[in-house]
Amino acid sequence: MSARRKPLSLPALTAAQARALDAQAQQRLAMPSLLLMENAGRGAADAIDRCYGRRGATARAVLFLGSGNNGGDGAVVARHLARFGWRVRLYLVGRAAGRTPDLATQLRIVQRLRLPCTSIRGVAAARRAAATVARDEVVIDALLGTGARGPLREPMASLVSALNRRPRRGCVALDLPSGLDSDRGVAGPITVRADLTLTFAARKVGFARAAARAATGAVVVIDLGLPEAALARLPATRSKLRVRRRAAAR
């Protein structure tokens with residue numbers, strides 16, 4: 001039996017490079033965005049279960065989902081955690097009209113599985129949702145991805161501010177903590193303070209800054225299942241892979 005190979009290790013990416021990688025995987029490799037989302041969410045759920053799962057007791061998680069594809073990743077995580085025996089509940093932030101098609105698809109699956117799912121509209125509702133987090137629950141931040149810029153807006157700002165003060169078993173950010181600029185490594189006035197960040201495909205360049213580490217906590221890269229031979233042909237990663245290989249050969 002051959003030794004199991006480790007997933008490909010990519011150099012750190014900017015937000016633009018991460019988006020280009022996703023787009024090219026879809027266009028050049030014919031990998032649907034829902035497949036990438038499934039790989040991301042399943043990998044993240046596995047990591048969360050390894051870190052926070054409980055033997056002989058039911059683990060509990062509360063997930064906060066934004067209206068973009070980061071929220072879709074969170075819905076996949078919720079589904080797989082429930083499959084692993086976790087008790088999960090979800091909160092959706094933002095209006096239904098602003099949800100991406102992939103998030104809408106994932107929410108339909110969640111609804112058919114009858115996982116508890118509540119919409120948050122307004123600051124008061126955000127604060128009430130944060131107040132429901134119990135001391136033994138893991139909070140999962142799936143609010144914003146790498147495309148977000150600028151300070152958090154309401155009701156997300158009030159939600160994150162309240163969550164940061166709330167006792168909880170742990171806080172896991174998907175891809176990056178909401179409120180952190182993934183390129184500059186600068187945290188906004190209100191930023192999720194995570195114990196663990198599960199970032200997709202590769203670390204983000206801003207994570208190397210000391211100021212970012214207070215928000216990210218430990219960082220683990222979640223593999224998206226992109227084959228190395230195909231990655232080497234993608235303009236978004238080809239030059240970076242070449243640099244990494246040259247450095248390794250020295």
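## The largest pocket

Helix α1 supplies the largest share of the lining of the largest pocket, namely five residues. The model described here is a predicted one, and in it the largest pocket holds about 940 Å³ of space. Its lining is made up of 37 residues, and those closest to the centre of the pocket are Asn 69, Asn 70, Gly 145, Thr 146 and Gly 147. The elements that contribute two or more residues to this lining are α1, which spans 15-28, α2, which spans 33-52, and α3, which spans 69-83.

Sorted by class, the lining of the largest pocket contains 16 nonpolar, 12 polar and nine charged residues.

## How α2 meets α3

The crossing in which α2 passes α3 is right-handed.

On the α2 side, the residues that take part are Met 37, Glu 38, Ala 40, Gly 41, Arg 42, Ala 44, Ala 45, Ile 48 and Asp 49, and they meet Asn 69, Gly 72, Asp 73, Val 76, Val 77, Arg 79, His 80, Leu 81 and Arg 83 of α3. By class, this contact of α2 with α3 has eight nonpolar, four polar and six charged residues.

## How α3 meets α4

Helix α4 covers residues 101-112, and α3 packs with it at an angle of about 25°, the two axes lying 8 Å apart. Angles under 35 degrees count as roughly parallel, and α3 and α4 are therefore roughly parallel to each other. In this case α3 passes α4 in a left-handed crossing.

The contact is formed by Asn 69, Gly 71, Gly 72, Ala 75, Val 76 and Arg 79 from α3, together with Asp 102, Leu 103, Gln 106, Ile 109 and Val 110 from α4. Divided by class, the residues of the contact of α3 with α4 are five nonpolar, four polar and two charged. Asn 69 of α3 takes part in this contact, and Asn 69 is also listed among the residues of α3 that meet α2.

## How α2 meets α4

The remaining pairing to describe is that of α2 with α4, which pack at an angle of about 60° with their axes 10 Å apart. These two helices are therefore oblique to each other, and the crossing of α2 and α4 is right-handed.

Here Ser 33, Leu 34 and Met 37 of α2 meet Asp 102, Thr 105 and Gln 106 of α4. By class, the contact of α2 with α4 comprises two nonpolar, three polar and one charged residues.

## Two points of the backbone

The peptide bond leading from Glu 154 to Pro 155 is cis, with omega near 5°, and Pro 155 sits in the loop between β4, residues 137-142, and α6, residues 156-165.

The other detail concerns Arg 114, whose phi is near 60°, a positive value in a residue other than glycine. Arg 114 belongs to the loop between α4 and β3, the latter spanning 117-120.

Conventions. Residues are numbered from 1 along each chain as its sequence is written. This is a predicted model: local features need pLDDT of at least 70, side-chain atom pairs count only at pLDDT 80 or more; totals for chains, interfaces and linings use all residues. Side-chain values use heavy atoms; hydrogens and water are left out. On a 1 Å grid over the protein atoms alone, a cavity is a set of points where a 1.4 Å probe fits but cannot get out, and a pocket is an open set with protein on both sides within 12 Å along at least five of seven lines; lining residues have an atom within 4 Å of a point. Grid points are joined across faces, edges and corners, and a volume is the space filled by probe spheres set on the points. Helices (H or I, at least four residues) and strands (E, at least two) are DSSP runs, numbered from the N terminus. Ala, Val, Leu, Ile, Met, Phe, Trp, Tyr, Cys and Pro count as nonpolar, Asp, Glu, Lys and Arg as charged, and the others, Gly among them, as polar. A crossing is left-handed if the near helix is turned anticlockwise from the far one by less than a right angle, and right-handed if clockwise. Contact means heavy atoms within 4.5 Å. Axes are lines fitted to C-alpha atoms, for helices over the stretch in contact, and angles run from 0 to 180 degrees between N-to-C directions. Angles under 35 degrees count as roughly parallel, over 145 as roughly antiparallel, 65 to 115 as roughly perpendicular and the rest as oblique.
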